[in-house]
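Let's take a walk through the aromatic rings of a protein. Have a look at the structure first, and then we'll go through it step by step.

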Amino acid sequence: MSNLQPHIRCSEEDAARYAILPGDPQRVERIKEFLTDARDIAFNREHKSAVGYYKGVKVMAVSTGMGGPSTAIAIEELRKIGVEAMIRIGSCGALVPGIRLGELVVVNGAVRDDGTSKTYVEAEYPAIPDTELLFDVIQAARDCGVGYHVGITRSHDGLYVDQKDALNDYWAARGILGSDMETATLFTVGGLRKFRTASILNTVVEAQGSLESGINSYVDGAAAVLQGEKDEIRVALEAFVAFENSNR
């Protein structure tokens, strides 16, 4: 195989112009349900991959695993085989009230409170998505009629740190919508390596005090989160179609 990559185990023969990036390998299977002529490529470590077509546009689905280091490996290797645009579809915890379970956060910038992005470049370098792809994601969310918010999120490395509540309060007070562990790495590496990026996050935990009576049982919450996952997949795929049709 031409240019077979050591970790994702994909080559130029497998590549598409576009890649949708879940963290969880199991989510690749759920992405395949949206694709025609879908086929598996590889499954090595945390990186499961498949390829197929959505409305005639060839798209890869590749899981990154959790955190910046494995994400950086996946996206660097995807770039090497010719992928030009990547959209993360992940999950986040909301930091501010008013963002409900299953609603999407479309990220227009990320606080680089992680370690991986800082191994690439100084902290002053901004973690921002590609502007045109971001606009396509926002328009796709509108067209799909899903609940979404646009704003800045925080990427970090410590899920169980002792000061978690204090950190969440600090960033919430500064208008940060939610937190994940991968977006800052994606945006930073994309900016430096000159490929297009965007990030869509499904809200799986609400901010403290924001849970309303409409979603107060595990069953209802799980259903909302599952719908949010389907929504973010569809929005990402529609954004790729719009980008392709724009001939950019």
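Is phenylalanine 240 buried or exposed? Phenylalanine 240 is buried, with a relative accessible area of 0% (buried means under 20%, exposed over 50% and partly exposed in between, using a 1.4 Å probe and protein chains only). Keep in mind that the model is predicted, so local features need pLDDT of at least 70 and side-chain atom pairs pLDDT 80 or more, while totals for chains, interfaces and linings use all residues. Residues are numbered from 1 along each chain as its sequence is written, and side-chain values use heavy atoms, leaving out hydrogens and water.

Now for the ring pairs. Rings of Phe, Tyr and Trp (for Trp, the six-membered ring) pair if their centres lie within 6.5 Å; planes under 30 degrees apart are stacked, over 60 edge-to-face, and the rest tilted. That rule gives 3 aromatic pairs here. One of them joins tyrosine 18 and phenylalanine 240, a tilted pair with 4.9 Å between centres and 35° between planes. These partners sit 222 residues apart in the chain, tyrosine 18 in strand S1 (residues 18–22) and phenylalanine 240 in helix H7 (residues 218–245). Helices (H or I, at least four residues) and strands (E, at least two) are DSSP runs numbered from the N terminus. Tyrosine 18 is buried too, at 1%, and ring pairs link Tyr18, Phe240 and Phe243 into a cluster.

Next, tyrosine 170 and tryptophan 171 pair edge-to-face, 4.9 Å centre to centre with 90° between planes. Tyrosine 170 is partly exposed at 39%, whereas tryptophan 171 is buried at 18%.
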